[in-house]
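Here are my notes on this one, as numbered points. Have the viewer open while you go through them.

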Amino acid sequence: MIYNLPVEIFKKNWNPLTTPPWGCDYITHREIKAAILKEKWIFGAYNDLIIQTDGFWGKQDHIDRIATLAHFGWRKSVNIWVGESRPLIWPIEDGNHRIAAAIFLHKPTIKAYVSGDLDYASSIFGINFSTDTL
């Protein structure tokens, strides 16, 4: 099911801007603002785009993708898988750029499909996943 998850939890624990999962240095708000002004937009799903670019994206490509999402928005939810590890290791299966854009935009929540250990997820996100749906 799809839930509204608090962006602040991601910002504090699994922040794609301060700890990018793509192997590049941290990304600043200033860099995203500059990319929006340049209007070098990157549309499409990240996995599709990686194939088109021979599998290599540099830091600027990620900044441009986040800027595109921040400027134009997105409709697709992110995918979160809550495993059994304690503490929880990076739970974002799909949607790191969208979460980064939500953090940049100071959005209070982001739509997410949550799977895995829902009891543990409830304790992390403060949501009762058996009753609190969109």
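1. A definition to start with: a residue is called buried when its relative accessible area is under 20%, exposed when that area is over 50%, and partly exposed in between. On that scale, 43% of the 134 residues of the protein chain count as buried. Keep in mind that this is a predicted model.

2. Overall layout. You'll find six helices and four strands in the protein chain. Walking along the sequence gives the pattern β-α-α-α-α-β-β-α-β-α. If you look at contacts between residues at least 6 apart in sequence, 76% of them join residues at least 24 apart.

3. The sheet. The four strands make an open sheet with mixed pairing, and the order is S1-S4-S2-S3. S1 and S3 (92-94) sit at the edges with a single partner strand each, so one side of each has no neighbour in the sheet. From one strand to the next, the twist averages 50°.

4. Who pairs with whom. S1 (residues 2-6) runs antiparallel to S4 (residues 109-116), and five bridges join the two.

5. H5 lies across S2, S3 and S4, and its direction is at about 115° to S3. H6 (residues 118-125) packs on the sheet too, touching S1, S2 and S4, with its direction making about 110° with that of S2.

6. The H2/H4 packing. How do the axes of H2 and H4 cross? They come within 8 Å and cross at roughly 70°. Angles of 65 to 115 degrees count as roughly perpendicular, so that is the label for H2 and H4. On the H2 side the contact is made by Glu31, Ile32, Ala35, Ile36 and Lys38, and on the H4 side by Lys59, Gln60, Ile63, Asp64, Ile66, Ala67, Ala70 and His71. By type, the residues of this contact divide into seven nonpolar, two polar and four charged.

7. Salt bridges, part one. The count for the model is five. One of them pairs Lys59 with Glu31, with 3.0 Å between the closest N and O atoms. Lys59 belongs to H4 (residues 59-72) and Glu31 to H2 (residues 29-38), so this pair ties together parts 28 residues apart in sequence. How accessible are the two partners, Lys59 and Glu31? Lys59 is partly exposed, at 25% relative accessible area, and Glu31 is partly exposed as well, at 24%.

8. Salt bridges, part two. Asp64 and Lys40 also meet through their side chains in a salt bridge, 3.4 Å from N to O. Here Asp64 is in H4, while Lys40 is in the loop between H2 and H3 (46-52), so the pair links parts 24 residues apart in sequence. Is Asp64 buried or exposed? Asp64 is buried, with 0% relative accessibility, whereas Lys40 is partly exposed, with a relative accessible area of 43%. If you're assigning charges, these two are worth a look in the viewer.

9. The network around Arg98. Asp94 and Arg98 form a salt bridge, with the closest N and O atoms 3.0 Å apart. Through salt bridges that share partners, Lys76, Asp94 and Arg98 join into one network. Asp94 is partly exposed at 22% relative accessibility, while Arg98 is buried with a relative accessible area of 10%. Where does Arg98 sit? Arg98 is in H5 (residues 96-104). Leaving aside residues up to four places away in sequence, Arg98 touches Leu69, Trp74, Lys76, Ser77, Val78 and Ile110.

Definitions and conventions:
Residues are numbered from 1 along each chain as its sequence is written. This is a predicted model: local features need pLDDT of at least 70, side-chain atom pairs count only at pLDDT 80 or more; totals for chains, interfaces and linings use all residues. Side-chain values use heavy atoms; hydrogens and water are left out. Two strands pair if DSSP finds at least two bridges between them. A salt bridge is a side-chain nitrogen of Lys or Arg within 4 Å of a carboxyl oxygen of Asp or Glu. Buried means under 20% relative accessible area, exposed over 50%, partly exposed in between (1.4 Å probe, protein chains only). Contact means heavy atoms within 4.5 Å. Axes are lines fitted to C-alpha atoms, for helices over the stretch in contact, and angles run from 0 to 180 degrees between N-to-C directions. Angles under 35 degrees count as roughly parallel, over 145 as roughly antiparallel, 65 to 115 as roughly perpendicular and the rest as oblique. Ala, Val, Leu, Ile, Met, Phe, Trp, Tyr, Cys and Pro count as nonpolar, Asp, Glu, Lys and Arg as charged, and the others, Gly among them, as polar.
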